[in-house]
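Visitor: Could you take me through the surface around the RNA strand, please? I would like a close look at that one part.

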Amino acid sequence: MTRTPLESLLDQSVRALLTEKGINFGGELPFQRTRKEFQGEVTLVTFPLAKPMGVSPEQAAETLGKALLETNGLIAGYNVVKGFLNIEMSNRYWADQMANMASILDYGKATSKDKPLVMVEYSSPNTNKPLHLGHLRNNFLGWSVAEILAFAGHKTKKVQIINDRGIHICKSMQAWIADGRELSPEDLGMKGDKFVGHFYVEFDKAFKREVADLMAKGISEEKAKEDSPSMVAARDILIKWESEDKDIRALWSKMNSWVYEGFSKTYKRMEVDFDRNYYESETYLIGKEKVLDGLSRGIFYQQEDGSIWVDLETYGMDQKLLLRSDGTAVYMTQDIGTAILRFEDNPSLAYQIYTVGNEQDYHFKVLFIILELLGYSWAKDCYHLSYGMVDLPSGKMKSREGTVVDADDLMEDMVTTAQEKTEELGKLEGMSAEEKSELFELIGLGALKYFLLKVDPKKRMLFDPEESIDLQGNTAPFIQYSHARIKSILKRYEGAKDFDSSKISLEESERQLLVELSYFPVVVDEAATAYSPALVANYIYGLVKGFNQFYQQVPILKDGNGDTVAFRITLIEKVAEVVKNGMGLLGISVPERM
RNA sequence: GGUCGCGUAGCUCAGCUGGAUAGAGCACCUGCCUUCUAAGCAGGCGGUCCUAGGUUCGAAUCCUAGCGCGAUCACCA
């Protein structure tokens, strides 16, 4: 567990004192941040120490406090409340800490990438429809986790698996063919992904109509779905695709390229990127091969109809299909192939993170077991970063029912809202149109990302399209605004930034801000361990709140003492850097002015 | 039904590797712009931390059971 410099320092001092008394305390010394209603910056909880010391918790605290004060010149005082020893550090200590932090460029960031390679998968779209709100949470989360790991010193690779083959894209193809006009996205003035999605919807309409017609003729629903001419045609396309029919493959490539063109515009606006794309069309054959291999090794079994299964009953699970009776691949097949390909591509890969919704918890549990059964030692290094769905007030998003919040539309709405609000405040005098639109983009996208990332990933969250996302309180715009505030002060200051630590006397809000700053590296570490951007988001919010209190109570530029001004400038400069880097880990930019 | 996850203020969420009187934001009410940006600050209102047991000096946090909500258990992806 990472600790702040203060905790490490006191840990040593306290242990030395205990050793002196002949006590060997095995566990971690329980330090925590002092609650704000008490004096002090760090608190030692002495309940666990009472027994080994043979005294009451209060006495233990009193004894240790007294001894610490005598032996450590950096401690200014202490107070004891029940079993809590609140330790107050000297101004000198904090001034020196400030100087330390100031001397580090990108404070909190690992100085070298000496931690192992991690692959983070996110997005993983199907190529038959545009990205929606669920993808936004997925992408922001995965991208941010990769950034946090990199910041903490890992080598990282960001990847997506594109589900570019299968019946879904064949449906869009069938509708496009049936339309007969050989349209391109330009003809309808649509983004490529929207265009292909449009045909997917067209297919569904035709399919439903045909099923209804057939049922009107007295045919059962099941049979009608089976015999619907559109569905028959789509299945025919899939078979032709698998047998590498030239025309079908050409159309497939064309349709997918339209989709990619659309996706890349969306990704660009989202500001997420990938180091490498994997395509299901390139991995499903590997999966098939490995499944057959597993069959021959007796790991899997075959039913009479030719389908291949794995029996997971010893793991308390069911039988799972790995290859259909007609020999075609299922979802699991390609995931097996993809995992293997990734570890083969990257011999130094230490582990892999799959950012996928919690509806697939079971699927990944099964996948990892299968990989282990196949004998891959790295199977235990696969981790499913499972996150909760984004629900609408009306319930779950369902593309077929049209209750999907489109990613492009939502981003556009957010930027428009940001623009309206910003113009209303009227602080943009002298800004060029280009700078303004950049600012609106930054605020709108920031608010959206922050909204989706500040919540614990594993929690389900609610999004109400009727209520626009807040721009006040625990939001990105508040943080961005505070950053702009700091920058505005820094622009006015031209003096020296050196200060004499011995001449610094701290105001309470100033001291709190310093304490808050000292936690940044700890938070980064925790976020990297827990794969949780939410920890970073909430930390930055707390830091910024601390800054605003300080700002409101303490004059920064107007103090008469040069050392004090230089110190405060150094302090807020560091706060600005941490805010910028911290928000950067969430993919959110902060402006110089707003 | 089995398995997994969640349940904290009117709403959205922190806190969950056990520690002090459970914290924020939104909403509602009061103050603060001739002083470094009021997207801010200060204060007020608002809680059976789902319920019942258990472990502990100490439980929102850990354990057990129950209730509620959700996901999942396909020759769909």
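Guide: By class, the surface near RNA strand B has 29 nonpolar, 16 polar and 22 charged residues; here Ala, Val, Leu, Ile, Met, Phe, Trp, Tyr, Cys and Pro count as nonpolar, Asp, Glu, Lys and Arg as charged, and the others, Gly among them, as polar. This is a predicted model, in which local features need pLDDT of at least 70 and side-chain atom pairs pLDDT 80 or more, while totals for chains, interfaces and linings use all residues. Residues are numbered from 1 along each chain as its sequence is written, chains are lettered from A and ligands numbered from 1 in the order written, and side-chain values use heavy atoms, without hydrogens and water.

In total, 67 residues surround RNA strand B, and the closest are D305, D318, K427, Y481 and K558; a residue is near the strand if one of its heavy atoms lies within 4 Å of it.

Now for some polar contacts, meaning pairs of N or O atoms within 3.5 Å. The side chain of S488 places a polar atom 2.8 Å from a phosphate oxygen of RNA strand B. S307 instead has a side-chain N or O atom 3.4 Å from a base nitrogen of RNA strand B. Elements giving two or more residues to this surface include β4 (84-89), α15 (407-425) and α17 (476-492); helices (H or I, at least four residues) and strands (E, at least two) are DSSP runs, numbered from the N terminus.

How values were computed: A polar contact is a pair of N or O atoms within 3.5 Å; within protein, one must be able to donate a hydrogen and the other to accept it, and residues adjacent in sequence count only if both atoms are side-chain atoms.
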